[in-house]
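The stops below are meant to be selected in turn.

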Amino acid sequence: MKSHVLSHLRNLEAESIFIFREVAAEMARPCLLFSGGKDSTVMLALARKAFAPARIPFPIMHVDTGLNFPEVIAYRDKWVKELGLQLIVASVPEAIERGIVHEEAGGSRNRIQTPVLLEAIEKHKFDALFGGARRDEEKARAKERVFSFRDEFGQWDPKNQRPELWSLYNGRVQPGQGIRVFPLSNWTELDIWSYIAEDKVEIAPMYLAEERDVIERDGMLYAVNEFTPLRDGEAAQRRKVRYRTIGDANLTAAVESDAEDIEAVLAEVAAARITERGATRGDDRVSESSMEDRKREGYF
Amino acid sequence: MAGDAPKRADSATVREAPTDAPPGKAPRTDAPASEAAPAKTQTLERRMAASDLLRLATAGSVDDGKSTLIGRLLFDSKTLFIDQLAAVERVSKERGHDYTDLALLTDGLRAEREQGITIDVAYRYFATPKRRFIIADTPGHIQYTRNMVTGASTADVAILLLDARRGITEQSRRHAFIASLLAVPHILLCVNKMDLVDWSEEAFESIREEFVEFASRLRVRDLSFIPISALKGDNVVSQSTNMPWYDGLPLLRHLERLYVASDRNLVDVRFPVQYVIRPQSNTVIDYRGYAGTVASGVLKPGDPVLVLPSGLETRIESIETADGPVDEAFPPMAVTITLADHLDISRGDMLVRPHNVPTVAQDIDAQICWMDESAPLTKGGKYAIKHTTRWARAVVRDIAYRIDINTLHRVEGVDSLALNEIGRVQLRVTQPLFVDTYSDNRSTGSFILVDERSNKTVGAGIIGRATVAA
């Protein structure tokens with residue numbers, strides 16, 4: 001007799017597919033936020049599964065900070081072509097030119113991408129946005145709903161969230177309000193990697209180790225390229241590195257690694273003792289509450 | 001298993017400073033892997049096959065040591081990352097603690113710290129080679145009843161924590177009641193702070209007896225008791241040497257071995273149609289698939305099905321997933337079903353077996369937990385109602401009684417339910433719902449009420465026997 005028990009990955013997969021279908025059925029204009037990172041890749045792969053053999057019934061949006069690794073853009077476009085998707089690009093450099101946002105000291109465009117995102121949501125009248133955030137990432141996320149209610153300003157108010165019981169999600173909103181939807185809420189970093197390995201999901205090439213010229217700054221390893229050129233007195237080193245997260249090219253650090261395939265990455269992740277953001281994201285180290293603050297402003 | 005020998009931690013003090021991680025250095029696969037961390041030698045296939053998902057809900061207050069217990073589970077199962085631990089160590093020092101306060105791991109939002117409150121359910125994740133766990137961590141006080149109801153609604157196991165010195169309190173009785181109301185299949189009572197009662201078997205036994213007596217008034221399927229010290233680690237992950245009289249498993253081992261497969265309803269086929277898939281494409285012609293998640297029962301190609309509300313019968317042609325067809329579907333699989341005949345079926349309809357149908361009802365009798373702080377549920381009040389994938393409108397016809405959730409007494413003659421109050425309510429719904437009793441089926445036996453002006457989720461409904469008898 002069969003056991004009728006799903007493995008934990010297939011259980012998470014089923015939960016995510018349910019969420020995609022619920023949103024597609026109930027919301028007027030959903031859209032999926034795609035960054036090219038592993039989480040949004042898994043999210044896209046799950047969206048495909050939810051509606052097969054039909055196409056994904058909503059567009060995807062990329063908030064382009066202008067600081068993308070070129071490989072990521074090529075990778076994004078490949079997915080768009082393969083799945084026959086409609087791609088919307090919300091451009092931060094263009095918004096800077098139009099004077100909507102201003103470059104911040106330190107070169108991070110993490111904060112200024114929020115107004116650009118909000119403008120795009122308003123322009124396209126999206127009432128539901130899928131994001132690849134996970135609750136295990138950070139403590140402001142640990143309390144996030146699967147359906148996260150945002151007001152007319154895109155703001156997250158932790159005190160004004162809807163109870164989520166069973167799998168009865170409530171996406172009802174007034175015009176102008178919206179829901180951020182997190183289908184990967186219950187996945188951990190290890191689940192994401194395990195799923196990528198088990199389902200052979202194609203991920204951006206930078207997640208795999210290769211020899212790169214790097215420079216060490218504040219204890220982090222940055223690839224030397226147009227976004228992070230060498231400063232006076234710095235000398236690049238040739239090291240074998242991979243990326244644990246993919247963000248802006250000027251702020252995302254690499255880690256030393258020999259993992260040239262997914263299985264090897266998975267083995268490293270399983271033994272990891274430092275959180276992925278703590279290890280590689282200069283922009284998340286700011287303060288203990290930085291994620292909470294950014295979410296309040298309308299960030300994912 | 002290797003390393004299963006008792007290795008009791010002496011205290012919650014974390015002695016190893018996290019200095020073994022040079023910056024920018026990738027974690028090495030030869031890093032020390034404990035028995036509780038995914039072992040490097042384990043093949044991928046084994047991990048996939050061997051590990052399932054268990055959802056836990058914890059209830060208890062800070063005073064009961066709940067945060068310490070969760071911190072201990074995360075710490076001892078090696079789920080914690082070095083930078084998380086370093087942050088906790090730093091804050092512990094800043095606050096002048098003598099030891100690393102594992103409770104800080106579950107510290108909440110700044111908004112909560114500033115106001116000294118816990119707003120919400122927080123979700124935590126950890127894994128052992130045997131299982132992946134999701135903890136819905138809920139605050140225990142009565143003003144957070146709605147949070148515990150939320151956390152318990154999806155839980156396989158409720159972990160109730162109490163302080164061995166204080167024994168069973170009103171709060172523990174309330175938690176047990178909520179867990180039983182939400183039909184959590186397994187309830188685990190952890191008697192904490194056993195170190196403060198000299199590891200006394202008598203103290204534990206007397207609490208156990210009193211609780212068993214109380215629980216006999218509730219509908220509890222499986223009840224277990226574990227004497228623990230979350231602070232010192234006794235019986236959390238490893239067997240306590242201080243309580244040789246306890247012959248059961250430590251908490252984590254108990255959770256790993258808990259048999260939950262039979263908790264699912266595999267008898268009554270209920271497939272709420274969630275989304276109709278009709279590709280507009282040149283390669284897939286005339287395809288019409290009914291996508292949804294199996295609420296209960298096992299479906300197979302060839303099975304006869306009855307469609308609600310139309311009452312028409314047909315057969316299952318195929319059960320499909322993006323990875324290909326499957327020969328059966330069971331909860332909680334998300335699949336797409338194609339049928340032998342072209343029928344007019346849309347979201348909110350339900351596929352069932354012809355001789356095993358749910359109750360088709362417009363009059364619903366349910367326990368409702370009220371969750372809205374701005375206005376009470378009132379007789380005559382109108383709300384939107386969501387049941388499986390179906391929305392309708394409902395009016396409150398009567399409130400039979402309110403339950404005093406501390407004493408379990410029924411209070412009759414009430415005409416409203418305020419925030420966190422639970423009562424038995426009769427609803428009239430604008431269109432029929434396809435319901436089962438909640439005790440038979442957590443999916444088709446539950447609903448939410450939504451305020452039609454604010455759009456907030458204001459009530460959680462648990463459908464009772466009376467509906468189904470009607």
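**Chain B as a whole**

Begin by selecting chain B: of its 470 residues, 49% count as buried, a residue being buried if 20 or more other C-beta atoms, placed from the backbone, lie within 10 Å of its own, exposed if 12 or fewer do, and partly exposed in between. The model is predicted, so local features need pLDDT of at least 70 and side-chain atom pairs count only at pLDDT 80 or more, whereas totals for chains, interfaces and linings use all residues. Residues are numbered from 1 along each chain as its sequence is written, and chains are lettered from A and ligands numbered from 1 in the order in which they are written.

Colour chain B by secondary structure to display 9 helices and 23 strands; these are DSSP runs numbered from the N terminus, with helices (H or I) of at least four residues and strands (E) of at least two. Two residues are in contact if their C-beta atoms, placed from the backbone, lie within 7 Å. Among contacts in chain B between residues at least 6 apart in sequence, 71% join residues at least 24 apart.

**A residue in strand β9 of chain B**

Next, select Ala291(B), which lies in strand β9 (residues 289-293) of chain B. Is Ala291(B) buried or exposed? Ala291(B) is buried, because 25 other C-beta atoms lie within 10 Å. Leaving aside residues up to four places away in sequence, Ala291(B) touches Arg21(A), Gln274(B), Tyr275(B), Ile277(B) and Thr336(B).

**Chain A and a helix pair**

Move to chain A, where 58% of the 300 residues count as buried. Its C-alpha atoms fill a box of roughly 60 × 60 × 40 Å along the principal axes. Chain A has 10 helices and 10 strands.

Now select helices α7 (residues 189-199) and α8 (residues 262-270) of chain A, whose axes come within 9 Å and cross at roughly 165°. The axes are lines fitted to C-alpha atoms over the stretch in contact, with angles from 0 to 180 degrees between N-to-C directions. What is the orientation of α7(A) and α8(A) to each other? They are roughly antiparallel.

Finally, show the side chains at the contact: Glu189(A), Leu190(A), Trp193(A), Ser194(A), Ile196(A) and Ala197(A) in α7(A) meet Ile262(A), Glu263(A), Val265(A), Leu266(A), Val269(A) and Ala270(A) in α8(A).

Key
Angles under 35 degrees count as roughly parallel, over 145 as roughly antiparallel, 65 to 115 as roughly perpendicular and the rest as oblique.
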